Amino acid sequence: MDHVLSEPTSSFGNKKCSIHKKVLEYYCPEDDNCLCVSCCLVGKHRGHQVELLDEASEKKKKKLRKYLDELNPQKAEIQAKMHSLHNDKGKIKEKASEKRKNINTLFINIREQLEIAEKKVLSEISRQEMKILSQISDLMKKMEIKEDELSRKMHHVEKMCCVSDPIRLLQESDITVCSPGDDEDTGGDGGQTNSEEVGLVPEQAEVHVFDKVQDNKTDPKTVLQESDQRASLSDKSVVTEEEASVRDDEMADDLEDVLISSILHRSMKDVVTYVTSELGFHVPDILLDVDTAHTDMGLSEDLRTATDLDIKPGRPESPGNFQTYCQVLSQCSFSSGRHYWEVEWNQIGDCGIGMCYPSIERNGDQSGIDENDKSWCLILSDKTCSAFHNSVILVHDVNLTCPTLGVFLDYEAGRLSFYELCYPIRHLHTFRASFTEPLHVILYVFDRASVKIRS
């Protein structure tokens with residue numbers, strides 16, 4: 001009963017010294033080995049400070065418990081993080097599900113608005129079609145009436161041409177139409193036409209001829225010729241009015257494309273406005289400020305494009321001009337809200353795209369778009385981009401596959417994000433800061449680079 005007992009083992013050899021074949025009873029902390037008595041007395045561990053296995057085991061257990069006490073908080077922290085990540089995962093799924101529903105609703109509303117826009121445009125086309133067709137129909141009716149009148153006259157003239165009795169032919173009271181060649185013989189009045197005579201009805205014309213013969217003792221044949229010529233002029237004036245009417249209608253004999261396009265453009269603009277309002281951000285109309293542009297920088301007439309020109313424009317200097325670097329600010333500034341716009345690089349030379357405070361230096365190294373703590377930007381060069389703030393490279397040489405970038409600013413959240421507008425759209429970098437001043441768009445161009453703000 002005074003024997004020391006141990007747990008049973010199937011490999012008792014592990015409890016014996018591999019050299020002396022004796023039971024291991026001691027532990028050498030210096031060499032971290034278990035020893036037998038012979039190892040302590042005559043072996044290489046002779047003279048080492050050794051401990052009994054039980055004592056060494058208790059010490060080891062004590063260290064392990066201490067280490068375990070240190071690991072427990074770490075494990076608890078990891079478990080808390082795992083729990084938080086699990087909750088975040090659930091929240092992301094819920095948010096994604098809600099976002100899907102919102103987008104589905106958004107597209108349903110967009111489709112409804114597009115259908116309304118389609119109906120408006122088609123309705124306008126139909127309205128114009130009916131209006132023009134109605135005009136054409138009215139004109140065709142007038143032409144048919146005119147054709148009938150001309151047919152009747154032609155029939156009468158043809159009938160008169162077959163009359164053999166000259167007295168009957170000359171006394172015929174109906175108006176006849178003279179040929180164009182007869183117009184040259186204008187009679188004794190020099191071609192002047194009395195409006196009252198032109199308006200005479202056939203019976204009145206006959207009396208008028210007789211009166212003129214009696215008053216002027218003129219040859220009846222001459223008077224009859226003059227009467228026929230006046231009647232001819234009267235008919236021609238009517239035809240001229242009809243021809244003018246045809247020409248006027250031909251002016252409208254087409255759809256008003258400008259009006260149709262205007263309705264379509266307005267409808268599409270309303271759809272875009274609705275989408276941006278639903279997404280909760282504003283698309284600003286950004287124009288560049290000439291008074292801040294370096295005098296060597298070229299600006300487009302619409303103030304949306306900045307270019308480093310070979311031939312310098314030589315604009316006069318103003319106090320707000322950048323003097324060291326070819327840079328320019330936007331006219332508008334942002335001190336609140338969420339905003340989104342797009343820029344396009346011509347992939348020549350170097351350019352910088354970013355935002356800055358209006359208090360940025362105008363001269364010296366500190367005025368550079370990437371050299372101060374008042375600006376946040378991407379520098380684009382050789383189809384790569386790098387993110388800079390206060391002379392620090394935050395992202396280095398990201399390859400670009402598309403020259404068009406999207407910029408998103410959330411002023412209150414202190415977020416300025418840049419995206420490459422390839423497919424799919426790729427996030428390039430997001431700056432995080434607590435903005436303390438209004439922010440202006442800032443552009444930098446060098447070595448014939450050009451940057452355009454897309455409207």
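Author: E13 and E14 form a hairpin with five residues between them. Strands (E, at least two residues) and helices (H or I, at least four) are DSSP runs, numbered from the N terminus. This is a predicted model, in which local features need pLDDT of at least 70 and side-chain atom pairs count only at pLDDT 80 or more, whereas totals for chains, interfaces and linings use all residues. Residues are numbered from 1 along each chain as its sequence is written, and side-chain values use heavy atoms, with hydrogens and water left out.

Reader: In which sense do E13 and strand E14 pair, and over how many bridges?

Author: In general, strands of a sheet pair through backbone hydrogen bonds, either parallel or antiparallel. Two strands count as paired if DSSP finds at least two bridges between them. Here E13 and E14 (residues 426-432) are antiparallel, with six bridges. Within E14, Arg-426 is the bridge partner of Glu-420.

Reader: Why is strand E13 described as largely enclosed by the rest of the structure?

Author: A residue is buried under 20% relative accessible area, exposed over 50%, and partly exposed in between (1.4 Å probe, protein chains only). Five of the six residues of E13 (residues 415-420) are buried, so the strand is largely enclosed by the rest of the structure. In the chain, buried residues make up 29% of the 455 residues.

Reader: What is the order of the strands in the open sheet of six?

Author: The order is E6-E15-E8-E9-E10-E11, with antiparallel pairing. Strand E6 (327-334) and strand E11 (392-399) are the edge strands, each pairing on one side only. From one strand to the next, the twist averages 15 degrees; axes are lines fitted to C-alpha atoms, for helices over the stretch in contact, and angles run from 0 to 180 degrees between N-to-C directions. Strand E10 (residues 384-389) is joined to E11 by five bridges, and His-389 stands opposite Val-392 in E11.

Reader: How many helices and strands does the chain hold?

Author: The chain has seven helices and 16 strands.
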